[in-house]
Amino acid sequence: MASGEASLRALESLMTEFFHSCTTNERKREIEELLNNFAQQTGAWRHCLFFLSNTRNEYVMMYSLTVFENLVNKMWIGVASQDKMEIRSCLPKLLLEHHKSVPYFIRNKLCKVIVDIGRQDWPMFYHDFFTNTLQLIQSPALAQLGLVMLKTTSEELACPREDLSVARKDELRKLLLDQVPTMLGLLTGILETYWDKHSIIASTPPPSPTSGECVELLGTLFQGSQYSKLLCQPMAALDYESQQLCCLVLECLAHLFSWIPLSTHITPTLLASIFHFARFGCDLQTKAKSGSFISYTSSSSNEHLDAGTLPPSSNGGGRQGEGGGKVDRSRLGVLAMTCINELVSKNCVPVDFEEYLLRMFQQTFFLLQRLTRENNAHTVKSRLQELDESYLEKFTDFLRLFVSVHLRRIESSPQFPIVEFLALLFKYTFNQPTHEGYFACLDIWSVFLDFLTTKIKSRLADRESVLNRYKDALVLLLREVLNRVQFRYNQVQLEELDDETLDDDQQTEWQKYLRQSLEVVAKVMELLPSHAFSTLFPILQENLDVYLGLQQFIVTSGTSRRLNITAENDCRRLHCSLRDLSSLLQAVGRLAEHFIGEIFAARFTDALAVVERLVEVTCYGSQTSLYDLETAVPSVLKPDLIDVHAQALAALQAYSHWLAQFYSEVHSQNQSQFINLITSAVDASSPLITAKVPEKLLMCACHLMLSITLTVRPVFMVTLPAVQNIFNLITGNQTHRLPAEAHLLVCRALSNMLLLPWPNLPENEQQWQTRSSTHANMLAALTRQYRMLRGTVNITPRRPEMHDLKAVIQHTLPVLRDIVDSISGESTKSRQICYQSLQESVQVSLSLFPVFIQQPDVTDEMLAFFLTLFQALRVQMGVAFTGQILHTFLSLFTREQLAASILQEGSAGCRVVQKFLKILQVVVQEPGQAFKPFLPSILSLCMEQVYPVVAERSSPDVKAEMFELLYQILHQNWRYFFKTSILTSVQRGAPEDAMENEAQFTAAMQAFGQSFLQPDIHIFKQNLSYLESLNSKHKLYHRKLFRTSMLFHFINVLLQVLLHKSHDLLQEEITLAVYNMASVDFDAFFSAFMPEFLNGCQGVDTNQRAVLARNFKIERDLPSFTQSVQRLVNDLRYYRLCNSSLPTGTIKL
């Protein structure tokens, strides 16, 4: 083998050079090409076998194994049977000889190559593949190697990738399922043997501090359970090697459990063994430093840390080993919980497995009891803090799965003490060492509360008995969650939470903490309303008293006002009280929904007490202007005072629906109480509606005003002095203009007061005439400057005043758009008044539009306004004027104008085109004949001006709007293309579809078809749904033109997309569309399309085509058809892979 030696030296040299830091990228590419060419040649594997046997270079070993992997997975079909036999014989020998001397990742890679051969050849040509693995596991010296092989087999054969035919995948799964009892039996035996071997149980154990555990088992948790005594045994003291072996067994089990169905093969003995090892996680001595060991989870990667490459423990395998032993004891617990979670995550539980499930939960709750047990040395929290974080995560996962998936099965079992379980969960939740752990536990409680609420709603008859069973737990939960959000009880932990950085949901860590806590409070409130209220309201009162008492500490000197609280301790206490008040106000706001509807009368007194307090506190805040005070610690106390005021306004806003119901209930009786509440709320808001107030308060005041005008709609509101002041502020010549968003909200609120119908009053008492003239006056004042622009139509865009003109347009139109938008769903009368007030501004906008056509930012604003007008007020505008607007737009948007705008993706120009297309969508959806004359020009614009520009570009936003327009044209104007109705077309003897405008219809269908050849998955999904919709509503696929000249093209395109896996996320939708198209004429699909499709398939031979055709079952139901399509796609890809990877010429290094 002199040439082999020379090749090996050359390869080692190349590999060393490739990974050397000084090698250039150019040289690396040369080496890579050389190595790839070498790997492709016939017989390269022989060289690699020699290299593997004779090198210690890890790079060379890895390269050689990659060559084998490529050979087995891609070229195996073309390898001579004699060569296959030689490879099947040599590689296992190589593994047995070198598995202890090579690094673990090389050993794992070699195992994977052998398993890949088994994947192809077992059992027909490699009959001893699986028995060899089982023999390795049974041999003490080689058990670890056998377990690595078994885990790799489970990963690669149970859920194989697509490089196998469907028939082979099914065969492998069946073969593996037949082996399940043997595999589980072997693994159970190993766990039992090692536990028994290392358990230190004397025949008469002496009394010990742990022996009391058996006595304190909860209620009926273990009555009659033979495993309770086993779980009370002392822990086994495993040596280092045994720990590593047991880790591997548990990893294997975790992967096996991920795919084997629940059945009696998973024996009580196996479950008991797993639970023994789960106890290692509860052991206080097992905490590992973070990052000190590799992945816990049952990953599909084979490159786990294990004993194959680690030195044996220095103490020769004593009770625990040094350092690493602790890590692995903890890891045993984590892996055991991973196994348990794999079982618990399965929702489909056979009847004969339910008893096992109950037993599993009993055993897990023994562990939960251990975790939450207090003793002299440790509190529960300190115990949990010392445990491994990953173990706690796994345990919390288990509890979540138990509550969300299985609680409904177990809850009513007399053998399962649900109340005691909740007590343990309570201790576990409120002693979590991290915020993340606490959040995860709150989620579990939320799921439980949802379960309980659903159960009670379905069993109203025994509602009280169900509630009484859980009442104590709910009361405790409510109290503790409320305590956890209060600085008074929990300052140190709450100060740690970040209240500045926003996460993906646009909330800070503190806001998330508070929101999750308040969701739990709200869910308890739904179940125990009276108790929850009587718990929360006194705490709120207590903190309110502190806040309302601040007035006595305000000192005025000259123009400045100061809060005379300066002692550090007093400032700290005030800070805590204000933060808590802010949280409690949010809580009270969150509970508003539990006082309305059917229970309004029953809870009226409580709600009234809350609303009166909220009105009092908002008025107090506005009158004393606490946000303006100088304080001893301005960076802390000033934000606190602003936040309390803002939260009080927001909480009051939350009760606007209650106020609306109050208004409707008392409108004919004494209204003084209601009038006082509304007047005070408006008085609290109006002083804050000024640019001088902090923006947070200003926005809260605006939102409160808006909610009162939108939801409550009091008749008398417009006459209130405070409201008149706001009118004057908005319509006067403002020197101190409000920020844009606040201005928008206030204008909308004022408009609502005048436009929205008053509740509880007949039409003739609505005072429409007065309100109409007031509204017209208000809008005339708001648009004064804008309407004066009409005379500027002839200006040229270069004039320096252009900037000022733009500013006027961009200030006025958003306000008008918002007012129109807010009444879009209201009565005809409201919309009529709105349009009368707007009429002149609309005409001004239309006359200005041509002037600004080259200014996309202004055009964008104008089109946004027109779009809202078309959506909300097209009836009020009338056909003639709407037609004039449409004609103006169609004449201005030339092809050049559209192309220039579309090409600037993401720009204002692009947004202009989108809005223009949206306006056309509204027009084509209008029923009746009024706008039908515009259809040809809209279709022409769509297909001849927009489509050619976007067809070959991504332009996702414009494309989405264009295809929606096309869909709406087809859907809403079907008879523009097909004159006959569906009824006549299905009648026997009726003439075939009478078509008009066929060329435009064909062009539209081609545009849809073309979109399926492009990579944009969103457009693909949207357009596929449009075609399906047109088929369900108008029988598109059945129409003669589509059926005869387009149907097979569409099916072909969709099947090609499945084959290329370019839009895999839409597999189901694509397959369903193919089925719906094929079902138009199944006979033609099976007899004409399938043979034609298979004949056109490149990369497969005649024999393979015949197999593909034979395997596509002639079944007409959707599940069978779907299965056939999936099989066709999988097997066609598999054949192409095999055929394209056959080896070619020879290259030497």
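## A buried phenylalanine

F1121 is buried, because its relative accessible area is 1%, below the 20% limit for that class. The structure is a predicted model. F1085 is buried as well, with a relative accessible area of 1%.

Both residues belong to a cluster of rings joined by ring pairs. Its members are F1048, Y1075, F1082, F1085, F1086, F1089, F1093, F1112 and F1121.

## Aromatic pairs

How many aromatic pairs does a search of the whole structure find? The search finds 73. W510 and Y513 form one that is stacked. Their ring centres lie 6.2 Å apart, with 20° between the planes. The angle is under 30 degrees, so the pair counts as stacked. Both residues sit in helix 21 (residues 509-527). They are 3 residues apart there, which means a separation of about one helical turn. W510 counts as buried, because its relative accessibility is 6%. Y513 is also buried, at 2% relative accessibility.

F1085 and F1121 make a tilted pair, because their planes meet at 50°. The ring centres are 5.5 Å apart. F1085 comes from helix 47 (residues 1082-1095), and F1121 from helix 49 (residues 1118-1140). The pair therefore ties together parts that are 36 residues apart in sequence.

## Charges over rings

R579 lies over the face of W510, 5.0 Å from the ring centre.

Another charge sits over a phenylalanine. The charged end of K28 is placed over the ring of F18. The distance to the ring centre is 5.7 Å.

## Helix 4 against helix 6

Two packed helices are described by the distance between their axes and the angle between them. For helix 4 (residues 58-75) and helix 6 (residues 104-121), the axes come within 10 Å. They cross at roughly 10°. Helix 4 is therefore roughly parallel to helix 6, since angles under 35 degrees fall in that class.

Which residues make the contact? Helix 4 contributes E58, M61, M62, L65, T66, F68, E69, V72 and N73. Helix 6 supplies F105, I106, K109, L110, K112, V113, D116, I117, R119 and Q120. By type, the contact residues of the two helices divide into 10 nonpolar, 3 polar and 6 charged.

How values were computed:
Residues numbered from 1 in each chain as written. Predicted model: local features only at pLDDT ≥ 70, side-chain atom pairs only at ≥ 80, totals over all residues. Heavy atoms only, no water. Phe/Tyr/Trp six-rings, centres within 6.5 Å; stacked < 30°, edge-to-face > 60°. Helix = DSSP H or I, 4+ residues; strand = E, 2+ residues; numbered from the N terminus. Buried < 20%, exposed > 50% of the residue type's maximum accessible area, 1.4 Å probe, protein only. Lys NZ or Arg CZ within 6 Å of the ring centre and 35° of its normal. Axes fitted to C-alpha atoms, helices over the stretch in contact; angles between N-to-C directions. Parallel < 35°, antiparallel > 145°, perpendicular 65-115°, else oblique. Contact = heavy atoms within 4.5 Å. Nonpolar A, V, L, I, M, F, W, Y, C, P; charged D, E, K, R; others polar.
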